[in-house]
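These are my notebook entries on one structure.

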Amino acid sequence: MGSFLMLAGIIALGYYYRTGGHYTLDLTTILNSSTHLNSTVQLWLFLAFAAAFAVKVPLVPFHSWLPDAYSEAPAPVTAMLAGAMAKAGAYGFLRYCLTLFPDAAHRLAPLISTLAVIGILYCALMALVQSDMKRLLAYSSISHLGVITLGIFALSAQGLASQQGIDGAVLQMVNHGITITALFLIVGFLEARTGTRRLEDYGGMARRLPIMASVLMIACLSSLGLPGLNSFAGEFLALLGVFRNNAVFGVLGTLVVVPAAWYMIRLVQNTMMGVRPAGGPVVAAERKGGLPDLDIGEFLVLLPLLVLIFYIGVHPLPLTFFVEH
């Protein structure tokens, strides 16, 4: 439905920018055109495009499809959805809504920023109470995507986008794709070995799976924004841009670090630390010898992600350079 509304907006855009009786949907031609849409037309077209992008990001209250989709899909599909496809909405806001409809973007920026803040905090709290590891990561993903959206719509009173907010949002799009992919792959590896994703079924896995436990710890520390790992630079830049344009949104967005640390540490603690329950599928898999550590193939899949987590964490400049130029 969201994409259908965007299609209607695209057709309308071609109508308004027709020249000599010919419709055009060429973005460069439209941006360089002398035609200027009035504020009402911009508003409606912005909403038509935003309908699709809000579902894809997703913004609360258009988010309810994501936890179910992520939890039901196979691990590789979930990794692709979270790592790449979820960024289509954020990219759409940045590439089309802000450039094609700047007046409407400025008028609606407070509304979208408010929805982003609600999503950041609400989904972080939802992640705290999940017992299914995939659903926990799904709500975590929505929360972090809210930070990206907040950075994109860090607009000043003059309607100008904050360069820091944009830099941080794009950098965090890359970072989130790296980190959430690693997390979903690890959860997939655990589920393949044990047949369960419930946190209550795990415990004490670090002694049996030390390499997997170490990789999970690194990915979780990246996700919660530990300085020196990739997500810190992106979130810091995005929230700094937001704070400089609107201190209230900046402070509220920054509060995400508290529940993020809480639910990520809970994920590591419940799976890798403590004591396993006496029964259950994990114990059954262990007795059958079905709990091997990461094999060479699995580790090679995760290795590029781990390298990027550390490299971007200490040297994010190449990515921000490409964004600005």
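Basis. I worked with a predicted model, in which local features need pLDDT of at least 70, side-chain atom pairs count only at pLDDT 80 or more, and totals for chains, interfaces and linings use all residues. Residues are numbered from 1 along each chain as its sequence is written, and side-chain values use heavy atoms, with hydrogens and water left out.

Core. I looked up the largest nonpolar core and found 104 residues, with F46 and F93 having the most contacts inside it. I took such a core as a set of buried Ala, Val, Leu, Ile, Met, Phe, Trp, Tyr and Cys residues joined through side-chain atoms within 4.5 Å. Helix 9 (residues 163-194) supplies the largest share of this core, 15 residues; helices are DSSP runs of H or I, at least four residues, numbered from the N terminus. Beyond residues up to four places away in sequence, F46 touches C97, F101, A104, A105, L108, I112 and F153; contact means heavy atoms within 4.5 Å.

Aromatic pairs. I searched the whole structure and noted 12 aromatic pairs. Rings of Phe, Tyr and Trp (its six-membered ring) pair if their centres lie within 6.5 Å, and planes under 30 degrees apart count as stacked. F53 and Y96 are stacked, at 6.5 Å centre to centre and 15° between the planes. Because F53 lies in helix 3 and Y96 in helix 6 (residues 87-100), this pair ties together parts that are 43 residues apart in sequence. F53 is buried at 5% relative accessible area, whereas Y96 is partly exposed at 28%; buried means under 20%, exposed over 50%, and partly exposed in between, with a 1.4 Å probe and protein chains only. Ring pairs also link F46, F49, F53, Y91, F93, Y96, F101 and F153 into a cluster.

Pocket. I recorded about 230 Å³ of space in the largest pocket. Its lining has 13 residues, with L47, A50, A51, A54 and F62 nearest the centre. Helix 3 (39-56) and helix 7 (102-128) each supply at least two of the lining residues, and helix 3 gives the most, with 6. A pocket here is an open set of points on a 1 Å grid over the protein atoms alone, where a 1.4 Å probe fits, with protein on both sides within 12 Å along at least five of seven lines; lining residues have an atom within 4 Å of a point. The volume is the space filled by probe spheres set on the points, which are joined across faces, edges and corners.

Cis bonds. I noted a cis peptide bond from V57 to P58, with omega near -5°, and another joining V60 and P61, with omega about 15°.

Note on methods:
Phe/Tyr/Trp six-rings, centres within 6.5 Å; stacked < 30°, edge-to-face > 60°.
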